[in-house]
Amino acid sequence: MPVKPWVARVNKRVFNKIALKRDMYPVLTHIGRSSGKTYRVPLDAFAVDGGYIFILMYGSNSDWVRNVLAAGTALLTIDGDKVELGNPKLLAEDDAWSQMPPTIKPPPSFLRVDEFLKMDIAG
C-alpha cells in the first residue's frame with residue numbers, strides 16, 4: 001500500500017503549491033479526464049532510456065496518474081526545458097528499478113511503494 005491518502009491530500013493542498021511557487025521540482029502538466037482543466041503537479045522525474053519514470057508514492061489511483069493514463073500525454077518541465085511525453089504505462093517494481101539509474105535510491109521500505117509510471121519522450 002502506498003503512502004496514506006490523507007498525506008496525499010495535505011501535499012496536494014499545501015506542499016505542492018509551495019513547490020510550484022519555488023520551482024523546486026520538475027512539473028508535470030496534464031489535462032483532467034473529466035473537467036478538461038489543466039493541472040500542474042510537482043514531482044520527481046527520473047530520466048531513463050527514451051523517457052522518464054515516476055515513482056507513484058500515492059499509487060496508481062492518484063488523480064494525476066489516472067488523468068495521464070486517460071489522456072495518453074503530458075508535458076514535463078524539467079530544468080526549464082519542456083518535454084512532451086506520451087505512451088504512459090504502469091510498471092512493476094522490478095521492471096522500473098531495472099531501468100532506473102543506480103544512483104536513485106528507493107523510498108523507505110515502510111512506505112511500501114511498488115508502483116511506477118513510465119512515459120516515453122514523444123516524437
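**Exercise 1. What percentage of the 123 residues of the protein count as buried?**

Before we start, a word on the model: it is predicted, so local features need pLDDT of at least 70 and side-chain atom pairs count only at pLDDT 80 or more, while totals for chains, interfaces and linings use all residues. Residues are numbered from 1 along each chain as its sequence is written, and side-chain values use heavy atoms, leaving out hydrogens and water.

*Solution.* Start with the cut-offs: buried means under 20% relative accessible area, exposed over 50%, and partly exposed in between (1.4 Å probe, protein chains only). By that rule, 37% of the 123 residues are buried.

**Exercise 2. Find the salt bridges and place their partners.**

*Solution.* Step one is the rule: a side-chain nitrogen of Lys or Arg lies within 4 Å of a carboxyl oxygen of Asp or Glu. This gives 2 salt bridges.

Step two takes D63 and R33, whose closest N and O atoms are 3.6 Å apart. D63 sits in helix α2 (residues 63-71) and R33 in the loop between β1 (27-31) and β2 (38-42), so the pair links parts 30 residues apart in sequence. Here helices (H or I, at least four residues) and strands (E, at least two) are DSSP runs, numbered from the N terminus. D63 is partly exposed at 37%, and R33 is partly exposed at 36%.

Step three turns to K89 and D120, again with closest N and O atoms 3.6 Å apart. K89 belongs to strand β6 (residues 81-91) and D120 to strand β7 (residues 116-121), so this pair ties together parts 31 residues apart in sequence. K89 is partly exposed at 31%, as is D120 at 21%.
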